[in-house]
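Please consider the structure shown below together with its sequence.

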Amino acid sequence: MSGPEGTVLEKDPPPAEAPGGSGVHRRFWSARRVPAGLVALSALVVSGAFLYDVVAVRAHRAALGWRRELARQLAERPLDDIWVLTGAGVACALGLWLLVLALTPGLRALLPMRPVDPDVRAALHRDAAATVLRDRALEVAGVRSVRVRVKRARADVRVVSHFRELDDVRADLTATLDDAVAGLGLARPPSLSLRVRRPGRKGR
């Protein structure tokens with residue numbers, strides 16, 4: 001369910017309370033429909049082909065050529081054969097990839113917000129958070145340009161100031177951005193990494 005621009009709302013049971021009374025703010029999990037669909041389709045095709053061949057053999061027909069050839073190759077090739085090792089490596093890589101997808105939440109671009117309703121979970125997109133911080137930074141006197149990158153645990157802010165003392169600009173930016181980060185309503189507010197510099201040559 002979508003909320004205001006850059007936010008995501010989801011109906012959810014209330015989070016469990018951690019010791020001390022603060023809720024456990026869980027990340028949003030990706031549905032990963034494409035990998036799941038590919039795995040299901042591959043399993044359907046392979047199992048369907050084997051099932052068709054088994055039924056054909058049970059009906060007193062000859063096994064299909066590809067299955068006879070596969071059985072012969074598996075029986076004759078040694079375990080240290082390059083094709084056997086390559087196939088095993090590919091199978092292990094695919095298995096590890098599926099395990100990683102199954103055990104990690106994904107949706108890294110969504111930052112969980114503090115719950116205001118026990119039945120609703122909300123998240124703010126990183127780009128939306130970066131836009132808010134950039135707009136607030138541009139309101140500070142002396143700021144010429146701002147680049148913001150919001151990560152899970154840190155907000156990197158790079159500012160170019162064309163007048164005023166850099167220490168004064170940095171102090172005003174720190175106060176403004178600390179207030180802006182608190183106003184985002186995130187469950188785990190990112191720490192602020194601020195860098196202020198003068199324009200380079202040719203105004204860069």
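A residue is called buried when its relative accessible area is under 20%, exposed when it is over 50%, and partly exposed in between, with a 1.4 Å probe and protein chains only. The model is predicted: local features need pLDDT of at least 70, side-chain atom pairs count only at pLDDT 80 or more, and totals for chains, interfaces and linings use all residues. Residues are numbered from 1 along each chain as its sequence is written, and side-chain values use heavy atoms, with hydrogens and water left out.

Helices (H or I, at least four residues) and strands (E, at least two) are DSSP runs, numbered from the N terminus. His60 lies in the loop that joins helix 1 and helix 2. With a relative accessible area of 77%, His60 is exposed. Its phi is positive, about 65°, although the residue is not a glycine. Arg164 belongs to the loop between strand 5 and helix 5 and, at 29% relative accessibility, is partly exposed. Most residues other than glycine have a negative phi.

The interior may be approached through helix 4. This helix, residues 126-138, has 13 residues and reaches 18 Å from its first C-alpha to its last, close to the 18 Å expected at 1.5 Å a residue; the expected span is 1.5 Å times one less than the number of residues. Its buried residues are Arg126, Ala128, Ala129, Ala130, Leu133 and Ala137. Among the elements that cover them are strand 4 (143-150), strand 5 (154-161) and helix 5.

In soluble globular proteins, nonpolar side chains tend to be buried together.

Which residues does Val169 contact, leaving aside its neighbours within four places in sequence? Contact means heavy atoms within 4.5 Å, and the partners are Val140, Ala141, Val143, Ser161, Phe163, Arg164 and Val196. Val169 is found in helix 5 (residues 166-183) and is buried, with a relative accessible area of 0%. Its partner Val143 in turn contacts residues including Ala137, Val159 and Leu173.
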